[in-house]
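Subject: Structure for your files

Hello,

Here is the structure I said I would pass on. My notes on it follow below.

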Amino acid sequence: MTEEISTVATPQNPNSIEFDYKDVETLLRFVNSQGRIYSAQRTGLNARNQRKMKRAVKYARFLALMPHTV
Amino acid sequence: MNDNDYIYQAMFMLDNGEVRDQGFNAVRDWVKATLEKHGAEVKVLRHWRESQLAYPIQGNTRSTYLLGYLQASQQTVSKAKAEMYLLGPVIRMLVLKEEEIPAAELALGIADVADTDVAVPDEEPEFDPFADEPEADEFDGGAAPEAKPEVKAEAKTAAKAEGEGGKAAEKPAAAATESTKSDS
């Protein structure tokens, strides 16, 4: 019997990454020098984590922790 | 806790001018009172940081951030948000739903902060997007940069043209000598 692989992102799931909008230093690794968010192909994140990262970057931009453009 | 209540994380961007004039604790108390007036239960409200903004907002180039955790309904949050944007020192606020309050944050609670700990500059500095970046090292007079490939190509074509020009200049001279020979 094969074990079913969980596709739900949980803390136990090693594929799940949590992005915090307050952690600007980490988020700056996912944008280029002009402030544009890198594509999933470039970041290597899966779709769920790419969305989480995108949301965190946008929250950080709203609070002026990160620039929209440089 | 009602069924309609959720835990929220809230980040408030405060006007540094108001923080300077009234003091951080007074501004924090106003935010807390406004939230509680609309029925929110404020669990944590603390100074997060004071920093330069990535872009100027309403003429502000620096801001003090206030981080809070509260338990409230969606209606409460929207009402409090509407009031804060109309009145008071809050420039912007971000409210996000959370599963639970982190234990480390809960331990901090709503503690008074000495005004000396909240360093707000006396004057609003002009906006400088590179203020926090370290200064670049001065040019140490190292080796001159290599010429660009385009420049090299141009130099090659110029040399070629010169070479052809030289040959062309030689040719008439040779022709002239031949003609003199034939005359004789």
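Among contacts in chain B between residues at least 6 apart in sequence, what percentage join residues at least 24 apart? The figure is 78%. Please keep in mind throughout that this is a predicted model.

Chain B

Chain B has 184 residues, and 35% of them count as buried. Five helices and four strands make up its secondary structure elements, and along the sequence these run β-α-α-β-β-α-β-α-α.

One residue I looked at in this chain is B:Thr76, which sits in helix H3 (residues 74-86) of chain B. Its relative accessibility is 9%, so B:Thr76 counts as buried, the cut-off being under 20%. Leaving aside residues up to four places away in sequence, B:Thr76 is in contact with B:His38, B:Gly39 and B:Ala40.

The interface between chains A and B

Chain A and chain B bury about 1,300 Å² between them, and carbon and sulfur atoms account for 70% of that area. On the chain A side, A:Lys22, A:Phe62 and A:Leu63 supply 44% of the area that chain A buries against chain B, more than any other three residues. In terms of residues, the contact involves 11 from chain A and 17 from chain B.

Which polar interactions cross the interface? The rule finds zero salt bridges between chain A and chain B. The side of chain A that touches chain B consists of eight nonpolar residues, one polar residue and two charged residues.

Helix H3 of chain A

Helix H3 of chain A covers residues 47-62. Its 16 residues should span 22 Å at 1.5 Å a residue, and the end C-alpha atoms are 23 Å apart, so the two values agree.

Which residues of H3(A) are buried? They are A:Asn49, A:Gln50, A:Lys52, A:Met53, A:Ala56, A:Val57, A:Ala60 and A:Arg61. The cover over these buried residues comes from both chains: it includes helix H1 (24-27) and helix H2 (40-43) of chain A, together with strand E2 (41-57) of chain B. After H3(A) comes A:Ala64, which has a positive phi, near 60°.

Regards

Conventions: Residues are numbered from 1 along each chain as its sequence is written. Chains are lettered from A and ligands numbered from 1 in the order in which they are written. This is a predicted model: local features need pLDDT of at least 70, side-chain atom pairs count only at pLDDT 80 or more; totals for chains, interfaces and linings use all residues. Side-chain values use heavy atoms; hydrogens and water are left out. Contact means heavy atoms within 4.5 Å. Buried area is the accessible area (1.4 Å probe) that two parts lose on being put together, summed over both. A salt bridge is a side-chain nitrogen of Lys or Arg within 4 Å of a carboxyl oxygen of Asp or Glu. Ala, Val, Leu, Ile, Met, Phe, Trp, Tyr, Cys and Pro count as nonpolar, Asp, Glu, Lys and Arg as charged, and the others, Gly among them, as polar. Helices (H or I, at least four residues) and strands (E, at least two) are DSSP runs, numbered from the N terminus. The expected span of a helix is 1.5 Å times one less than its number of residues. Buried means under 20% relative accessible area, exposed over 50%, partly exposed in between (1.4 Å probe, protein chains only).
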